[in-house]
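Please have the sequence and the model open as you read.

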Amino acid sequence: MIPETTGPAAVIVLAAGAGTRMKSRIPKILHEIGGLSMVGHALLAARSINPKQLALVVRHERDLVAGHVAELDPNAVIVDQDEIPGTGRAVEVALQALDAKETLTGTVVVTYGDVPLLTGGLLAELVATHEREANAVTVLTARLDDATGYGRILRGEDGSVTGIKEHKDASETEHLIREVNSGIYAFDAGFLRDALSHVTTDNSQGEKYLTDVLGLASQAGGRVAAVITQDRWQVEGANDRVQLAALGAELNRRTVEAWMRAGVTVVDPATTWIDGTVSLEEDVRILPNTQLHGKTTVARDAVVGPDTTLTDVSVGEAATVTRTHGSGAVIGAEAAVGPFTYLRPGTVLGATGKIGAFYETKNVTIGRGSKLSHLGYAGDAEIGEDTNIGCGNITANYDGEKKHRTVIGSGVRTGSNTVFVAPVTVGDGAYSGAGAVIRKDVPPGALALSVVAQRNAQGWVLAHRPGTRSAELAQAAASDSSPKHAPTEHAPTEEGKQ
């Protein structure tokens, strides 16, 4: 980490735009990639260079943006842009707000809330160059094959930066320039404060351009320099959903590649998505079509996938999670989950346990070595160790008004299609028969049965479903089984019939 004493005086993040091309009720900078909003990425990069103050300029959907920022960075100063348009004015009001606390001296960095791949490392390089060369302004630039829409960097015969021309104001000759302005700068605070007071709105957009500060610096004899990045993605913004998706894909590519270099096997990087907030250990194996989101953690030697989506799930060492959708769950070491399993929040599976095919769990704790193998539901329950829950078991936890808990002890064996009508407790070592409906507590070691004598209504189909295929087959079967000959002397007597 960069020592705090080397940080700039301030970082100003511009986030006031409406982002109309996103065509969304959600402010542009709140759209997410890699598990974090674009402005969240911007704040992380800004904080990583340890500024003494950090300000965010807002306007569109002000309260929504400010509330989101307060959750991510409570110490960020929220500044409202006024009616005067333009990036120059946005920086000016931020500078005034920060100066009201203490007049800034030193370096002021300006960046944007919609440049999510910008890293703290590149910002640190910008600041270091700016301060080492004692520049009035240092601009971060990139060379693009297609520079449409970007401001062009103007240079003098000696190669020095003389200004920036916005695309709409540029001449045909200036449109041929490939070096573009990223909009990210380092300024000397004193010079910036004075220059902004001289910037006008005399341009085609009627805005107060921050880029005009560079021209003023050159005219005043101040040094203006550029740091050229070879990584264009770090200065790419997202104005619409197409650009957002491209940035998301590139961020994910970098994230997945970084994990592979850290010792994680990713079988198919093209179909694997990993948020920046996820943590993986060495020798984890990620199979195709897997998405890991939020604060998911996966321990050494675990295998996740294929076709699995986990959000805020903890996967223990050497566990396997196959074709599973899960959130807010904990999977113990050497446990097995899936396939086709739905883990809802509050699920805790103990070490070496199992939640198998077509099972749904919610708010349930399952002890070490216990197995819920297939076709069931367990909710609002506690299950002990080394218990085997049979096929088709469910906990009936909801009475129409309230949720109730089921407690099943250790060493329990339940028959197929057992229903636990909560609240109910099953003691250690108890058994249940197939089809049992458990309405009362079961003592330890007891066998719980709810058996009703089977009754066969002879001829029901012929009487009630005449003309159906079932009736035809039943009639044919009855005819085939009818006696062909009169009873012999060996036929049982009336006394012998049961």
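Is Glu179 buried or exposed? Keep in mind as you look that this is a predicted model. Glu179 sits in strand 10, which covers residues 179–188. Its relative accessible area is 6%, and the cut-off for a buried residue is under 20%, so Glu179 counts as buried. The side chain of Glu179 has a partner there: a polar contact of 2.8 Å links it to the side chain of Thr141. If you set aside the neighbours within four places in sequence, Glu179 is in contact with Thr141, Ala142 and Arg143, with Gly151, Arg152, Ile153 and Arg155, and with Ala226 and Ile228.

Now turn to Gln81, which you will find in the loop between strand 5 (77–80) and helix 3 (87–101). Gln81 has a relative accessibility of 11% and therefore counts as buried. What does the side chain of Gln81 reach at 3.2 Å? The answer is the backbone oxygen of Ile84. The Gln81 side chain also reaches the backbone oxygen of Gly86, at 3.1 Å. Not counting residues up to four places away in sequence, Gln81 touches Ala16, Val57, Val58 and Arg59, together with Gly86, Arg89, Ala90 and Val93.

The crossing of helix 3 past helix 6 is left-handed. On the helix 3 side the contact is made by Gly88, Val91, Glu92, Leu95 and Asp99, and on the helix 6 side by Leu192, Arg193 and Leu196. Sorted by class, this contact has 4 nonpolar, 1 polar and 3 charged residues.

Another helix pair is worth a visit. Helix 1 (residues 38–47) and helix 2 (residues 62–72) pack with their axes 11 Å apart, at an angle of about 45 degrees. Val39, Gly40 and Leu43 from helix 1 meet His68, Val69 and Leu72 from helix 2. By class, the contact between helix 1 and helix 2 has 4 nonpolar, 2 polar and no charged residues.

Let's finish with the backbone. Most residues other than glycine have a negative phi, and most peptide bonds are trans. Thr352 lies in the loop between strand 26 (348–349) and strand 27 (354–366), and its relative accessible area of 33% makes it partly exposed. Continue into strand 27 and you come to Phe358, where phi is positive too, near 55 degrees.

Where are the cis peptide bonds to look for? One joins Gly305 and Pro306, with omega about 0 degrees, and Pro306 lies in the loop between strand 18 (303–304) and strand 19 (308–311). Another runs from Ala422 to Pro423, with omega near 0 degrees. Pro423 is found in the loop between strand 33 (419–421) and strand 34 (424–426).

Definitions and conventions. Residues numbered from 1 in each chain as written. Predicted model: local features only at pLDDT ≥ 70, side-chain atom pairs only at ≥ 80, totals over all residues. Heavy atoms only, no water. Axes fitted to C-alpha atoms, helices over the stretch in contact; angles between N-to-C directions. Helix = DSSP H or I, 4+ residues; strand = E, 2+ residues; numbered from the N terminus. Contact = heavy atoms within 4.5 Å. Nonpolar A, V, L, I, M, F, W, Y, C, P; charged D, E, K, R; others polar. Buried < 20%, exposed > 50% of the residue type's maximum accessible area, 1.4 Å probe, protein only. Polar contact = N/O pair within 3.5 Å; in protein donor to acceptor, adjacent residues only side chain to side chain. Left-handed = near helix turned anticlockwise from the far one by under 90°.
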